[in-house]
Amino acid sequence: MSRNKIGFAAVFAAALTLTACGQNAAPASPDASAPAPTTAAAPTPVKAGHAAVHWSYAADTGPEHWADLESEFETCKIGQAQSPINIDHTQIVESGDIKPIETHYAKLENATIVDNGHTIQVNAADKDSYMMLDGEKYTLLQFHFHHPSEHQIDGKNAEMELHLVHENAKGEKAVVGVLIHPGTANPVIEQLWSHLPDPANTDGETLNAPIDLLALLPQNLHAVHYEGSLTTPPCSEHVNWSVLEEPVEWSQAQIDLFAKRFPDNHRPVQNLGKRALNGDD
Ligand SMILES: [Zn+2]
């Protein structure tokens, strides 16, 4: 292969990672790598099905193979601080240094809900909602769901998990994980599921009624904190995770509605390695 061809191949490979797999050209990932879409001059997205790196949760394109699908996904295999993990309560360190997260969530206006082929995701249209973690401000970009949960609590998965993805001014990510158990129906999910977009609708649907984010969270915001990664390709690290101790409830019908579309969109737990699990006070 000539030098030129190698150069072209490298550029082409890099371009591939900018496109999403499946039906939706943007955002590329349902997880923290995917900020809310902007209308700024972006390159024309590659049409779905063309040159997209297809990854999934099963078989040849499933989690065991993500790193083999694309060189920029190599962290999925060689990373040493990957997510999700099993949260073993015997390993939690109560250092007293970390304060619980503080949410400053406004009612989310004009958010869009999209089925990106990997999950149902709600993208924030404004930057009004944020949280404080360790004295640092992280603005909410989007939230999405996994079935079953990605994190385990003492070896057990919950029925589902909500991820609220935030970013600070330096571009560092912080994700809040909320475990979901069957029980009472959640009013916000009722609202969202009544606007579930068709998977073919890659732009998603704008939600005219404001979303009460606090209704998605439990009362108690104590969490287990650790340093991890995106749970979807490219599995980038240095993500600040806060997995809330108190779960929330959804009705079984609300869970079933998501599960029908996404029977399994969870990455299995990864090795904790030398990382610490920190409680807060
Ligand atoms: Zn997620």
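Modeller: Gladly! Keep in mind that this is a predicted model. Let's begin with Lys 77, which counts as exposed because its relative accessibility is 54%, and the cut-off for exposed is over 50%.

Colleague: Which side chain does Lys 77 meet in a salt bridge?

Modeller: First the general idea: side chains of opposite charge can pair when their charged atoms come close. Here, the partner of Lys 77 is Asp 68, with N and O 3.0 Å apart.

Colleague: How many salt bridges does a search of the whole structure find?

Modeller: Three. Another one joins Arg 261 and Asp 115, whose closest N and O atoms are 2.9 Å apart. Arg 261 belongs to helix H5 and Asp 115 to strand E4 (residues 112-115), so this pair ties together parts that are 146 residues apart in sequence.

Colleague: What about a charged residue that is buried yet has no salt bridge?

Modeller: Take a look at Arg 275, in the loop between helix H5 (252-261) and strand E16 (277-278). Arg 275 is buried, and the nearest side chain of opposite charge, that of Glu 237, is 6.5 Å away.

Colleague: Which backbone oxygens does the side chain of Arg 275 reach, then?

Modeller: The backbone oxygen of Glu 227 is reached at 2.9 Å. That of Leu 272 lies 3.0 Å from a polar atom of the Arg 275 side chain. Leaving aside residues up to four places away in sequence, Arg 275 touches several others, including Gln 80, Ile 85 and Tyr 226.

Colleague: Now for the strands. How does strand E11 pair with strand E10?

Modeller: In general, strands of a sheet pair through backbone hydrogen bonds, either parallel or antiparallel. In this model, E10 (residues 160-167) and E11 pair in the antiparallel sense over eight bridges.

Colleague: Which strands run parallel to E11?

Modeller: Strand E14 (residues 237-244) does, joined to E11 by five bridges. Lys 173 stands opposite Val 239 in E14. Strand E15 (residues 248-250) also pairs with E11 in the parallel sense, over three bridges, and Pro 182 stands opposite Trp 250 there. E11 itself, residues 173-182, is mostly covered, with eight of its 10 residues buried.

Colleague: What is the order of strands in the open sheet of three strands?

Modeller: The order is E1-E8-E9, with mixed pairing. Strands E1 (86-87) and E9 (156-157) stand at the edges with a single partner strand each, so one side of each is left without a neighbour in the sheet. E8 (residues 152-153) and E9 run antiparallel and are joined by two bridges. Gln 152 has Asn 157 in E9 as its bridge partner.

Note on methods. Residues are numbered from 1 along each chain as its sequence is written. This is a predicted model: local features need pLDDT of at least 70, side-chain atom pairs count only at pLDDT 80 or more; totals for chains, interfaces and linings use all residues. Side-chain values use heavy atoms; hydrogens and water are left out. Helices (H or I, at least four residues) and strands (E, at least two) are DSSP runs, numbered from the N terminus. Buried means under 20% relative accessible area, exposed over 50%, partly exposed in between (1.4 Å probe, protein chains only). Lys and Arg count as positive and Asp and Glu as negative; His and the chain ends are not counted. A salt bridge is a side-chain nitrogen of Lys or Arg within 4 Å of a carboxyl oxygen of Asp or Glu. A polar contact is a pair of N or O atoms within 3.5 Å; within protein, one must be able to donate a hydrogen and the other to accept it, and residues adjacent in sequence count only if both atoms are side-chain atoms. Contact means heavy atoms within 4.5 Å. Two strands pair if DSSP finds at least two bridges between them.
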